[in-house]
There are 2 protein chains.
Amino acid sequence: MEFTSACPTVTECGFENLRSLKVECGAWIGYEHTSFCGQQFILERGEYPRWDAWSGSNAYHTERLMSFRPICCANHKESKMTVFEKENFMGRQWEVSDDYPSLQAMGWGNNEVGSMKVQCGTWVCYQYPGYRGYQYILESDHHGGDYKHWREWGSHAQTFQVQSIRRVQQ
Amino acid sequence: MEFTSACPTVTECGFENLRSLKVECGAWIGYEHTSFCGQQFILERGEYPRWDAWSGSNAYHTERLMSFRPICCANHKESKMTVFEKENFMGRQWEVSDDYPSLQAMGWGNNEVGSMKVQCGTWVCYQYPGYRGYQYILESDHHGGDYKHWREWGSHAQTFQVQSIRRVQQ
């Protein structure tokens with residue numbers, strides 16, 4: 001089946017689950033549960049022949065993709081956001097506009113980020129260096145781009161641990 | 001134990017296996033087998049508290065890291081390489097000097113790359129979009145930077161499938 005807009009429940013489109021997919025155009029977010037809940041999976045253009053092609057490496061193993069939606073505000077060239085050491089936009093801050101496979105290699109002090117403000121574009125933050133582990137997708141047009149605690153960007157790891165960050169490509 | 005140079009066999013250093021690690025400085029490659037063989041894992045600065053922190057998502061599941069070595073020629077800013085449609089540097093070609101979470105989104109015709117020439121720096125190529133799946137590390141100071149067939153960059157997937165590419169950060 002071909003989709004050009006959000007699908008809140010794949011089972012209502014005749015699927016029990018999704019086991020492979022192709023992104024023909026644009027960038028999308030897949031979700032573990034219906035109604036855009038649970039673990040997030042960034043889906044850029046290309047072929048995903050099996051579940052682990054989009055899941056990445058996650059401690060919490062689940063083979064479900066029950067809803068998905070397109071990303072509206074991805075803008076690879078103009079992307080900009082600010083990362084903060086502490087929650088609520090406190091502590092040391094750093095403006096980023098590029099991809100960072102290792103925040104620590106670029107001088108960030110530890111393996112955590114307290115809060116983030118997205119000024120432009122869509123970003124993916126990852127638990128581990130090199131774009132691995134849980135994926136958290138942050139958009140400038142959601143929450144006004146403000147993510148002031150890990151509860152606002154993703155709850156699975158239940159930690160501030162963020163070790164790599166990159167822009168989403170449309 | 002702290003390491004500042006290559007380790008061809010972790011068992012000869014008193015380890016049975018490695019289950020967690022921290023990269024304090026530089027970029028490294030971890031290998032599934034001794035003597036720098038088998039599946040490759042790019043290791044940039046940061047904390048890897050469990051096996052799946054460095055493994056990424058792989059169809060072929062192995063929990064071993066038996067050798068590792070530092071990368072000498074990583075150069076994030078000056079990195080440059082050419083990707084070719086066909087093996088032996090034939091067919092359509094494209095010079096890249098940036099990170100591409102989706103080669104297809106940037107106009108590459110399909111989900112495969114036939115061969116690659118690394119002019120400068122160290123690169124990681126991935127089977128799937130968004131830096132997922134098997135990791136193949138390509139260095140300008142190995143094989144003279146020439147990788148003319150998938151057998152020269154990694155043999156696990158046994159396919160030319162390469163859907164994302166990025167520079168290594170030191």
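Between domain 1 of chain A and domain 2 of chain A there are two salt bridges, where a salt bridge is a side-chain nitrogen of Lys or Arg within 4 Å of a carboxyl oxygen of Asp or Glu. The structure is a predicted model, in which local features need pLDDT of at least 70 and side-chain atom pairs count only at pLDDT 80 or more, while totals for chains, interfaces and linings use all residues. Residues are numbered from 1 along each chain as its sequence is written, chains are lettered from A and ligands numbered from 1 in the order in which they are written, and side-chain values use heavy atoms, with hydrogens and water left out.

**The two domains of chain A**

The domain assignment of chain A gives domain 1 as residues 11-71 and domain 2 as residues 80-167, with bounds that come from an automatic or database domain assignment. The C-alpha centres of these two domains of chain A lie 21 Å apart. In chain A, 17 residues of domain 1 are in contact with 16 residues of domain 2, contact meaning heavy atoms within 4.5 Å.

Side chains of opposite charge can pair when their charged atoms come close. In this model A:Glu44 forms a salt bridge with A:Arg166, and the closest N and O atoms are 2.8 Å apart. This pair links distant parts of the chain, since A:Glu44 is in the loop between strand 3 and strand 4 of chain A and A:Arg166 is in strand 12 of chain A, 122 residues apart. Helices (H or I, at least four residues) and strands (E, at least two) are DSSP runs, numbered from the N terminus. Over all chains, the structure holds 16 salt bridges.

The two domains of chain A also have eight residue pairs in polar contact, both residues being at pLDDT 80 or more. A polar contact is a pair of N or O atoms within 3.5 Å; within protein, one must be able to donate a hydrogen and the other to accept it, and residues adjacent in sequence count only if both atoms are side-chain atoms. On the side of domain 1 of chain A that touches domain 2 of chain A, the elements giving two or more residues are strand 2 (28-33), strand 3 (37-43) and helix 1 (52-55) of chain A. Strand 3 of chain A gives the most to this side, with five residues.

**Chain A against chain B**

Two copies of a chain are related by a rotation about an axis and a shift along it. Here chain A can be laid on chain B with an RMSD of 0.0 Å by a turn of 180 degrees and a shift of 0.0 Å along the axis, which is the relation of a two-fold axis. For this comparison, copies are superposed by least squares on the C-alpha atoms of residues with pLDDT of at least 70 in both. The same surface serves both copies, as 100% of the contact residues of chain A recur in chain B.

The table sets out the buried area, which is the accessible area (1.4 Å probe) that two parts lose on being put together, summed over both.

| Parts | Buried area | Share on carbon and sulfur atoms |
|---|---|---|
| Domain 1 and domain 2 of chain A | about 1,200 Å² | 45% |
| Chain A and chain B | about 3,200 Å² | 47% |

The contact between the chains takes 39 residues from chain A and 39 residues from chain B. In chain A, A:Arg45, A:Arg132 and A:Gln169 lose the most area to chain B, together 21% of what that side buries. Between chain A and chain B the count of salt bridges is zero, whereas 14 residue pairs are in polar contact across this interface, both residues at pLDDT 80 or more. Helix 1 of chain A gives the most to the side of chain A that touches chain B, with four residues.
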